[in-house]
Amino acid sequence: SLNLPTDRPVILKLDVEGHELQALTGGINFLQHANIVYAMTELRPTFQSDGEAYASWKGIMGALAAKGLVPYRVDYEEETRLDVNRLHDWRHVKHPAVRYFDVVWRKEDD
């Protein structure tokens, strides 16, 4: 256990070259308790709608969404809001066959 701080605002940057699911699953307790205000990751997911990996992704995305964070795919100069209930729609905008893309999670402006 790393004993990472959960009592102050946290900015999370994750770039683990295809090992996002393992890294986030290993840190789920931190994700659930930390005051994450902004997160950025390059994702290389496999979002098939069945199996253990899909259930794990849903749990991770749900933990971030429960904190009031909203995911956006970064499309060069634009951002596209993503739906955590439609993971199969998450893909690279210009190259749909490419299975990696940047996602930022941030709290919506009130």
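Author: The protein chain has three helices and five strands, where helices (H or I, at least four residues) and strands (E, at least two) are DSSP runs, numbered from the N terminus. This is a predicted model, in which local features need pLDDT of at least 70, side-chain atom pairs count only at pLDDT 80 or more, and totals for chains, interfaces and linings use all residues. Residues are numbered from 1 along each chain as its sequence is written, and side-chain values use heavy atoms, with hydrogens and water left out.

Reader: Which pattern does the protein chain follow along the sequence?

Author: Along the sequence, the pattern is β-α-α-β-α-β-β-β.

Reader: Is methionine 61 buried or exposed?

Author: Methionine 61 counts as buried because its relative accessibility is 3%. This residue lies in helix H3 (residues 51-66). From methionine 61 to valine 84 there are 23 residues in sequence and 6.3 Å in space, C-alpha to C-alpha.

Reader: How is a cavity found, and how many of 30 Å³ or more does the structure hold?

Author: Rolling a probe the size of a water molecule over the atoms shows where empty space is left. On a 1 Å grid over the protein atoms alone, a cavity is a set of points where a 1.4 Å probe fits but cannot get out; lining residues have an atom within 4 Å of a point. Grid points are joined across faces, edges and corners, and a volume is the space filled by probe spheres set on the points. The structure holds one cavity of 30 Å³ or more. The largest cavity has about 80 Å³ of space.

Reader: Which residues line the largest cavity?

Author: Its lining includes Leu12, Met40, Met61 and Trp105. E1, strand E2 (35-43) and H3 are the elements that give two or more residues to this lining. E2 gives the most, with four residues. By class, the lining has 10 nonpolar residues, one polar and no charged. Ala, Val, Leu, Ile, Met, Phe, Trp, Tyr, Cys and Pro count as nonpolar, Asp, Glu, Lys and Arg as charged, and the others, Gly among them, as polar.

Reader: What counts as a salt bridge, and how many does the structure hold?

Author: A salt bridge is a side-chain nitrogen of Lys or Arg within 4 Å of a carboxyl oxygen of Asp or Glu. The structure holds two. In one of them, glutamate 79 meets arginine 106 at 2.7 Å, N to O. Glutamate 79 lies in strand E4 (residues 78-81) and arginine 106 in strand E5 (residues 101-107), so the pair ties together parts 27 residues apart in sequence. Glutamate 79 is partly exposed at 40% relative accessibility, and arginine 106 is partly exposed at 25%. Aspartate 7 also forms a salt bridge with arginine 8, with the closest N and O atoms 3.4 Å apart.

Conventions:
Buried means under 20% relative accessible area, exposed over 50%, partly exposed in between (1.4 Å probe, protein chains only). On a 1 Å grid over the protein atoms alone, a cavity is a set of points where a 1.4 Å probe fits but cannot get out, and a pocket is an open set with protein on both sides within 12 Å along at least five of seven lines; lining residues have an atom within 4 Å of a point.
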